[in-house]
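Visitor: Good morning. May we go through this structure together, beginning with the helices and then turning to the ligand?

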Amino acid sequence: MTRKTHISIKHISKVFPDGTRALHDINLDIAEGEILVLLGPSGCGKSTLLRTIGGLEQKSGGDIYFYNKEVSQVPVEDRNVGFVFQNYALFPTMTVRENIAFGLKLRKMAKAEISRKVDSLLEMMELVEHAEKKPRQLSGGQQQRVAIARVLAIEPEVLLLDEPLTALDAKLKEYLRIELGQMLRKLGITAIYVTHDQLEAMSIADRIAVMNLGVIEQVDTPERIYSSPKTDFVADFIGRINCVKGKMVSGADGLFVDLGFIQLPAPSGTEKRAGDEVNAYLRPEDIELVGTKADNSGHIIQAIAEQCIFMGDCYHVVARAGNEEIFFEVPNGARIKIGETVQVKLNAEKLIVL
Ligand code: ATP
């Protein structure tokens, strides 16, 4: 089912007064109820884009539509947008209940209605038993849930979250990134979520927009971002990947990628042509140790083990194939000696050529 477009960003650019170009010609459609994650390295423009969508920052060019209505002239308080930042800024002297009720009191909502609403949010966020506590009596994760409940109380149409888990420790972050994704999905609210953490992005997003130097390099599902990166930046930024320089060559039965130490069939649908210089990418999980016995099936190469690092559940192996270094993982039981020649099988179907 195709969902209605909720937010449409057309040719947005942003130049700060000091001349810093933070955003260049950004185009992006976000569907109703979608969780879109803006992912990229520090300084790539994620927060600036989020803040521009929310109206906290003025754009330099382009248009932003909420349900086909251009919102540039709509002040932030009238955009019906809720913000959740890294720093929750809960009111320290108020209880959880009072923190959540704050925005509703400002809006002069009737007392009984406030109470009803806060009760239902406490329940939804599993905070009932903490309702009368002060923020300092709560864990980081609980505080974060209060911050979200406080934002949801005012019933925003859009939730904008800027690194909401960054301040938390690793364990809690892992737990909350799953919980938060489930909660946002249950609410069905349109959400834009900024992070530089790939795992967070992968587990929360319906789609990820990977940003670099003020542009969006690719917008896709987490699975496609991982398996079919469209640019060298995305291939390199997401997960671990082998990159080998290669050249497209034509063979008897089609187009091949010559990596120096082996020729692999070109990925189907590639736009590359014979003679093109390319970067060929293969994930470590697509390289498999096949032992020292001769094996003629598949695309097998010989490589010399240079490093074998114990990782607990597996070994990380770096090996030399021709003039190239490749890395892959082998299970715990497989013993590889440094300097040993090993045979590894390359899963050519997973080859990415850019
Ligand atoms: P981080 O993950 O570190 O928060 P980010 O991807 O969110 O990074 P932004 O904060 O959007 O990046 O910044 C994008 C670029 O704009 C950076 O080069 C930053 O230094 C610059 N920038 C941000 N705010 C301002 C400002 N008020 N004035 C001038 N330059 C700014």
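Visitor: Is the crossing of α3 and α4 left-handed or right-handed?

Guide: The crossing of α3 and α4 is right-handed. Please keep in mind throughout that this is a predicted model.

Visitor: At what angle do helix α3 and helix α4 pack, and how far apart are their axes?

Guide: Helix α3, residues 111-124, packs against helix α4, residues 140-153, at an angle of about 140 degrees. Their axes are 10 Å apart. This makes α3 oblique to α4, because angles over 145 degrees would be needed for roughly antiparallel.

Visitor: And what about α2 and α3, at what angle do they pack?

Guide: Helix α2 covers residues 96-106, and its angle with α3 is about 130 degrees, with the axes 10 Å apart. The two helices, α2 and α3, are therefore oblique to each other. The crossing of α2 and α3 is right-handed.

Visitor: That leaves α2 and α4. How far apart are their axes?

Guide: The axes of α2 and α4 are 7 Å apart, and the packing angle is about 25 degrees. That makes α2 roughly parallel to α4, because angles under 35 degrees count as roughly parallel.

Visitor: Which hand does the crossing of α2 and α4 have, left or right?

Guide: The crossing of α2 and α4 is right-handed.

Visitor: Let us change topic. How many residues surround the ligand, and which are the closest?

Guide: The ligand is surrounded by 13 residues. The closest are Ser 42, Gly 43, Lys 46, Ser 47 and Thr 48.

Visitor: What kinds of residue are in that shell?

Guide: The shell around the ligand holds 6 polar, 4 nonpolar and 3 charged residues.

Visitor: Which helix gives the largest share of the shell?

Guide: Helix α1, residues 46-54, contributes the largest share, with 3 residues.

Visitor: Now the contacts themselves. What lies 2.6 Å from an oxygen atom of the ligand?

Guide: That is an N or O atom in the side chain of Ser 42. For Gly 43, a backbone N or O atom lies 2.8 Å from a ligand oxygen atom. Cys 44 also places a backbone N or O atom 3.1 Å from an oxygen atom of the ligand.

Visitor: How much of the ligand does the protein bury?

Guide: The protein buries 60% of the 640 Å² that the ligand exposes when taken alone.

Note on methods
Residues numbered from 1 in each chain as written. Predicted model: local features only at pLDDT ≥ 70, side-chain atom pairs only at ≥ 80, totals over all residues. Heavy atoms only, no water. Near = heavy atom within 4 Å. Polar contact = N/O pair within 3.5 Å; in protein donor to acceptor, adjacent residues only side chain to side chain. Areas by Shrake-Rupley, 256 points an atom, 1.4 Å probe, with all protein chains shown as cover. Helix = DSSP H or I, 4+ residues; strand = E, 2+ residues; numbered from the N terminus. Nonpolar A, V, L, I, M, F, W, Y, C, P; charged D, E, K, R; others polar. Axes fitted to C-alpha atoms, helices over the stretch in contact; angles between N-to-C directions. Parallel < 35°, antiparallel > 145°, perpendicular 65-115°, else oblique. Left-handed = near helix turned anticlockwise from the far one by under 90°.
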